Structure formats: structure tokens, C-alpha cells
Amino acid sequence: MDSLVSGTFVGAGSFRCAQCGYTLMLAGSDALADCPECGGSDFVRASLFGTERLSAEPDPAEGTLVEPAPAERAGQLADARARVKQPGDYLFYLEGKDARTVALTREWTRIGRSLAADVRFDDPTVSRRHALIVRQPDGVRLLDDRSLNGVFVNGARVDGKALQDGDEIIVGRYRLSFLSVAAEASAEPAPDAEQSSLRARD
């Protein structure tokens, strides 16, 4: 694998520090800067998305892990919904083999590598302050919190985006899903309401 040094103009892609493994992702033909983690200047090209945290099944031919199939992801989301007991907004993600569901109950939810993050990922591809989820009266919004590697929703890099139920969010090597669980409306009217309706017609 070719080695690159900071100050070199490179195309868009992911680059891993040869000293500490920190991964940078560049969106354009920018010059590599020194590693923000250790100050190193030697980099190699890296595949940000060919990692174990972004996938669920091994690919024996490649020796890496690949993106889960749509049917598998749909099953994971259905299981997450079944475990939710209260209506509201949630983040769902896998931490190794463990499925985690986080209720978004605060106005601001911080995602990052910092110890102060509400949803913390201890991984070099995640910035200390990576993303914010903001709950507003008109909906839930995802914001890039000045991250190095960017924030992606349904495969597209975003600075800010209103979230819809089932949206897929990528933060570093982690894949999360936004779930908006509505209260179930009763299919049958309550007995008192039904009796009141009958009396009104009489």
C-alpha cells in the first residue's frame, strides 16, 4: 500500500495514520494535514466503510465484513420496535453483537468520542464532537458538529437534515437508525364514548 505524507494533495477518500490508526475522510482534492490525534505525518489510503463496526456479516472472499442486507436490516429494526415500550424518538445501533436502543428524551443529544457525549463511540473514526440530534416542536434534526469524517444520512453526506422514521445515520464506522414510534390509536371506541354517541342520536 502506498504511503502518503501530510501536505500531499490527494483525491477524495479515507486515509489512515500509519502511527496511531486515526482515519481521516476528505471530500475533495485537499492536502493531507498532520494527524489530529498523534501529530503524525505518514498516511495510507484506507476504506472507511470496509470495517467491522459498519457491517454484520463476514465476506470470506475478502476477509472483511460487508453491509447488512436490506432484509436483515429490516428485521433488526422490527426487533428494535418490538422492544420499545413507550412512544417517542429513538436511536438504534449495534455495539458488537449487542443491540442498543437509546431514547431521545432531551432537547440535545450529543454523539461523539468525548466522555461528555450522550451516545459515545470510543473509536478513532469518530470525532470527539461528531454529531448533534436536536428535538424541536416540528420534528427531529441531525447536525454535523464540526466532525472530521462527516455525517451521512441514507448514504448522503449532510451538514443538517430533518430525520424521518427509518433513516440510516453513519457516524465514523458506526451505523445507526432513527426510529419514531407513534402511540397506537385504539381501533375500537371506548365504551363511554360509544354510549354517549348512542344517546346523542336518541
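Modeller: Let us begin with a helix against strands. Helix 1 (residues 70-83) lies across strand 7, strand 8, strand 16 (168-171) and strand 17 (174-181), and runs at about 50 degrees to strand 17. Contact here means heavy atoms within 4.5 Å. Axes are lines fitted to C-alpha atoms, for helices over the stretch in contact, with angles from 0 to 180 degrees between N-to-C directions. Helices (H or I, at least four residues) and strands (E, at least two) are DSSP runs numbered from the N terminus.

The model is predicted: local features need pLDDT of at least 70, side-chain atom pairs count only at pLDDT 80 or more, and totals for chains, interfaces and linings use all residues. Residues are numbered from 1 along each chain as its sequence is written, and side-chain values use heavy atoms, with hydrogens and water left out.

Colleague: In what order do the six strands of the open sheet stand?

Modeller: Strands of a sheet pair through backbone hydrogen bonds, either parallel or antiparallel. Here the order is 8-7-17-16-13-14, with antiparallel pairing; two strands pair if DSSP finds at least two bridges between them. Strand 8 (98-103) and strand 14 (156-158) are the edges, each pairing on one side only. On average, neighbouring strands of this sheet are turned by 30 degrees against each other, direction ignored. Strand 7 (residues 88-95) and strand 8 are joined by six bridges, and Y90 has A103 as its bridge partner in strand 8.

Colleague: Which residues form the covered face of strand 12?

Modeller: In a regular strand the side chains alternate between the two faces of the sheet. In strand 12 (residues 139-144), V140, L142 and D144 form the covered face, while G139, R141 and L143 form the uncovered one. A hairpin through two residues connects strand 11 to strand 12, and R135 stands opposite V140. On strand 15 (residues 160-162), K161 stands opposite L142.

Colleague: How many salt bridges are there by this rule?

Modeller: The rule asks for a side-chain nitrogen of Lys or Arg within 4 Å of a carboxyl oxygen of Asp or Glu, and the count comes to 10. One of them joins D123 and R173, with the closest N and O atoms 3.9 Å apart. This pair links distant parts of the chain, 50 residues apart.

Colleague: Is D123 buried or exposed?

Modeller: D123 is buried, because its relative accessible area is 2%, where buried means under 20%, exposed over 50% and partly exposed in between (1.4 Å probe, protein chains only). R173 also counts as buried, at 18%.
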